[in-house]
Amino acid sequence: MPFDLVTSFDPEYCPSTITKWRSTRTGLQIVLIEQERPIVEGYFAVATEIADDSGCPHTLEHLIFMGSKKHPYKGLLDTLGNRAFSNTNAWTATDSTVYTLSTAGWEGFRLLLPVYLDHLINPTLTDSACYTEVYHVDGEGNEKGVVFSEMQGVENEAETIAVLRSHKIMYPESSGYSSETGGLMGALRVLTSQRIREFYYSLYRPDNLCLILVGTVDKDELLDTVSKFDDELPSLDLANPKPRPFVDSPKAPHLTSNVIDTIDFPDKDESSGHILLSFFGPSILDFVTNTALHCLMMYLTDSDISLLRRKIVEIENPLSTELEVYTDDYIETGLNIWLHNVPTEELGNVEKRVFEILKEHIDKSEFNLEQIRDVVERERLQYILSAERYPSTLANLAIEDFVYGTKDGKTLNAAKTLQEFDTILKYETADWEKLMQTWFLYNPHAAILAKPSASLAKQLRVDGKERLQKRREELGEAGLANLTKRLKEAQDENERKIPNELLSSFPAPDPAKVKFIESVTAKAGLALSGASKPDNEIQSVLDADGAASLPLYVHYEHVKSNFVSVTLALSTAAIPEDILPYLFILLSNFYATPIVLDDGTVVPYEEVVKELKKDTIVESYHIGFDGEFYELVTIELQVVPKNYQKAIDWFKKLIWNSKFDPQRLQIVIEKTLMGMSEEKRDGSYMVNSASRRLLLNKRSARRALEVLEMESLLKRLCEVVKKDPSDLVSKLEQVRTTLFTPENVRIVISADIKQLSGPVSSWTTFLPSSVISASSLMPIPRTFNNANDEGRKLGGKAYLLPVPATESSYATLLTNGPTDFKHPDIPALAVAVSYLEAVEGPFWRGIRGNGLAYGAGVLRSIEVGNIGFRVYRAADAPVAIARAKEIVESYATGATAFEPLLIDGAISIIVSAMAEADNSYYSAASRKFLQEVLKDLGPNANQNYLASVRAVKAEAMQAAVMQFLMPIFSVETSHVFIACNPSKLESTTDAFEKLGYEVLTDPFGYLGEEEEDEGGESGSEGSYDDSNEDEDESGSDTDEDGE
C-alpha cells in the first residue's frame, strides 16, 4: 500500500480521531476525521493560486463536473450520486478550490469516490463545456452561461466591490491574494478554454490534492479504494517537489501607511453605506496570537457591551447598525472589521472614530481584563460546541493545514488540544493592550468607504442597454443565427445521454445501512397529558424527580452531548393583533435589557449582558421552530450541564423581571430603521417579504414581524419614544403579559439528561408566585389559517418589485397547496420534486444548464399552504419560468416518462436529505420534536415517511405533478413575485401581461418617479458572484415531514 501514516491522534475536546496519510508515489494526502454521524462528508481540496481576475479557478470548478476521461458524460457523477444517497458541490476560495461529497453512510461514498477522483485528475475540459458552462451569447444577443449567471448581479454589490478593492490595496498585483478568483465579468467574456486547461495542468496534481473525510468510515476500505486509484497515476519526483501555492510564493510587502479609499456602489437609496477596515495579521501558523486576536475582536464587537459596539451601535442616533469581524486565513492572517449601514455623510468620521475609541480605551486604562477572560472562555466553549455539531469545523482546520501547514503533520497535531486558550487566559492587561496596539492601532490598514450612488445605478443601466444594442447591431441577424446554431451544437455534445447500463452497473447502496442518530424522548408536567407516557430509563429518571407534578410543559430529548439546549416555544396567537408588531421590539431587546430584582434593585443592562455571556454559550430567538411553524416564537439558551439551573434562572429574570428602558428601546428602533436600506438591496429578500405582506393578514406573526411591514410604525415610534415612551412601554408590558403565560410555554430540552442535576425539579422556581399555574395548553397556531382573502385563493396577479442594487432577477410563483402534514399525496409529490430538481435533473439541465438562471427549484410549505417555483440569480426570469412550465407539463401529461433508475435516485436524494438534516445530536433532537409533536406525526416519523417514499410509483408521481405543480404555471391559480432591476420592468411586464396576469409594479412605492420613466433594457450585463459561498444548488425549500 503506497500510503504512509503521517500522524494520528484523538482531540481532547471532541469525540473523534484524526489520522493523516501521504502517498509515497504521488504525494496524494488523506485526512480522516472519524466521528459518529449518519453522513460521511468529503472535502477534496486543491491549493489554487492565480495572479489575475480571469476566473480560471472558479470556471474550472464548474468544468470538473462535466465529465472525465473514464466517464465522459456530463452529470454522470451527480446522477450516480443521486442513486447513492449523495450530493456534490464545490466552492472556490482565494487560496483553494474545495470539492465536496456528502453521502448518507459509507457504502455510497466508497462507490462514488473513484469516480469523483477521476473527474478531479482526468477531466475532459472540452470547448463545448466551456462554451455553455462559462460564457456565451445567445441568439438574441443576451449574455448567458452558468458561471455568468452565477456572477450576474453581484459584481456591483457593496461587499464585493469593497473586499476586492481592499485586496488590491493590501497585496501587489503579482499576488494571488489580490485576484478575484471567481472572475470579473470583463475577464469572463474573453476567457478561453485553453487558458483554463493551462491553469488546470499547472495545479491539479495528486501532490497538490488532499482528501478530507469526516464521519463513520471503514478505514481499511478507504485506504484500499484510494490506493487503487493512486496506483493508476504516474509517480512523481517527491524528492524535488514543485513549489507550493502561496507557501513558496514571494511574501507580500506590508503597508507602510494607512490607505483610505472611497468606492461607489449602485443604489437609489443614498442614505447609508459601509466601512471595511483591513489589517495584516500574524502567520497563520502562529496559533496562539491568532486565537488571541480572534478573542480580542470578539471583545470589541460581539455583544451590546463590547467596546466598539457600545460606542458606535448601542447609542442614540447609531453610527452603524451592525459590526462584523472576520479573518482571511491566508499565509498571513488578514484581520477585517465591517461596519454596516453607516450614515453616508458620516463614513469618514466613523472610520476615524474607531481608532479614537481604541486609543482612548488604552490611554484611559479602561481595558477590562475580567471581560476578555470571559470572552476567551466562551469562545473556547463555542469552538468545542462547533466541533461536536458541525463536520466542517475540523474539516476546515484540515484544509488550512493542507494549504499552509507542514507536510510532516506537526502543525496538524496542534489540533489535539486547545492549549492556546489556556495560554491567553494567563495574559494580563498589558499583554492585551500591546496586542491591540501592535495589530490594530499602530498597524497600517486599508479603509474602504463604500458609498451608495444613484447616478452610478442609472449609468450602469444605460451602459448595459447600449452594450446590448451595440452587440445586436454588430452581430446582425446572420450572426445571431450562427450563435443559435453554435449553442445548439455545444449543448448536443454536452448532453449526450448516459447509458442506463452504465448507471445500473453501479449498485445502489442499501438504505438499511444508513444509521440515523437516535435520541430518547422523555416528558414532564403537561407534556404527559393526552399522550402515551414514554417507557425508558430517562423517563424513570424524570419520574423520580417529580415529572408528574410539574405545572409546566417540558419535553426532553436525551442525546450524547457535552452541552444543554433549553428552548421555549410560544404561540403569538396569545398576543392581541393590534400590538403584535411590538413583539419585534421586545425580542430585539430581550437579552440586553435592565433587570429589576425582587428587592427592587435595578441591574443595568451592561451587567445583565456581561453575566449572561459568562453563564451561557449561545442565546438566540427565532420566528418559528426549526424553520417552520411561523406563528411561534422561540427563545433559546445553550449552556454546559453545570449551568442548567442558571439557564432556567436567566429565563425567569429575562421574562418577568426585565425593565423596558426607553433609551434601549429607542436604540433598537433606530438601528432597525437604519438597516432597512440594506434589506431593500436584496432581491431574494424582497420577493419573500412581498409574498408575506401581500398574502397574509395582520394576525400572522410571519407578516406582522416582517421588518419592512413595520417601517411606518417604527418611524412613528422613533419620534414618540423620545417625547413620551409611556405608551410604548405599556404596550410592551401587554405583550409580555399575554405571551409569557404557563399555558403558552412549551419547553424543549436537548441534553445528556444524566448529566443534569434536577432535570425536572430545577423548574419548580421558574414561575413567579403571582403567576397562576396552567392545567392545559394553548393550541399550536398554523400560518395557513392567517392567509388573507388573496392568499386563500391565489391566481392572476404578478407583482414586480424594483431593486436598483441588483442586476439579476429573483422570481417566485405560488399556488395553494396542502395544509395537512398527513396528506396522502405528500410522498408522491416529494419524490416527483426530488426527481425534477435533482442535480443534472430536468430543471438543472433545462434552466441552469442553458444559462437562464443560477438556480431553480420547487417550494413546498405545508405550514403556509403554498406550493411554488422559484428562480434565483436569473439572467432571464420570464424565459426560465417558461422553460420550467414546459418541463413540468411534459411530465404531467406523460409526454416525458419518469425513468426507473432516476426514480431510485430521487428517493435516494430524500434519504440523504433526511440524514443531512439530522447530522448531529442537536439537530436530530430538534427535528424529532418538530416531526413527532408539532406535526403530530407520532413516534418513528422518519422511518414511516421513508417507507411511504420507497413505495411511490411513477404513476403517482405523474398524478402529483398534474395536481400540485401544474397550477403553479397557470394564470388562473398562481401569483408571481419578481424582484429585478428597474431597467427590466418593461420587458417583464410585457411577458406576464401576455400570459394574462394583472401586473402590479412597485406595490410598496419604493421606486421614484425618475426610475419609472427610464424604461429600457440592460440585457443580462451583470457582475460577480461571491464564489466563496457554498450554495444550496437544488433550490429546494420545504417544510415537509421527513425532509
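Let's start at Glu-711, which counts as buried because its relative accessibility is 13%; buried here means under 20% relative accessible area, exposed over 50%, and partly exposed in between, with a 1.4 Å probe and protein chains only. Keep in mind that this is a predicted model, where local features need pLDDT of at least 70 and side-chain atom pairs count only at pLDDT 80 or more, while totals for chains, interfaces and linings use all residues. Residues are numbered from 1 along each chain as its sequence is written, and side-chain values use heavy atoms, with hydrogens and water left out.

Back to Glu-711, then. Helices (H or I, at least four residues) and strands (E, at least two) are DSSP runs, numbered from the N terminus. Lys-680 is partly exposed, at 21% relative accessibility.

Glu-711 also has a salt bridge to Lys-715, where the closest N and O atoms are 3.4 Å apart. That one stays local: the two residues are four apart in helix α27, which means about one helical turn separates them. Lys-715 is partly exposed at 48%.

Glu-733 is partly exposed, with a relative accessible area of 33%, while Arg-736 is buried at 7%.

How many salt bridges does the rule give? The count comes to 61. Some join up into a network, which links Asp-304, Arg-309, Glu-314, Glu-322, Arg-664 and Lys-671.

Now for the sheet. Five strands make an open sheet in the order β10-β14-β11-β13-β12, with mixed pairing; two strands pair if DSSP finds at least two bridges between them. The edges are β10 (259–266) and β12 (322–328), each with a single partner strand, so one side of each has no neighbour in the sheet. On average, neighbouring strands are turned by 20° against each other, direction ignored. Inside the sheet, β11 (residues 272–283) and β13 (residues 332–343) pair in the antiparallel sense over nine bridges, and Leu-276 stands opposite Trp-338 in β13.

Helix α10 (residues 287–301) lies across β11, β12 and β13, running at about 170° to β12. Axes are lines fitted to C-alpha atoms, for helices over the stretch in contact, and angles run from 0 to 180 degrees between N-to-C directions.

Last stop: Lys-613, found in helix α22 (residues 605–615). Lys-613 is buried, at 16% relative accessibility. Neighbours within four places in sequence aside, Lys-613 is in contact (heavy atoms within 4.5 Å) with Asp-302, Ser-303, Arg-378 and Glu-619.

Conventions
Salt bridge = Lys/Arg side-chain N within 4 Å of Asp/Glu carboxyl O.
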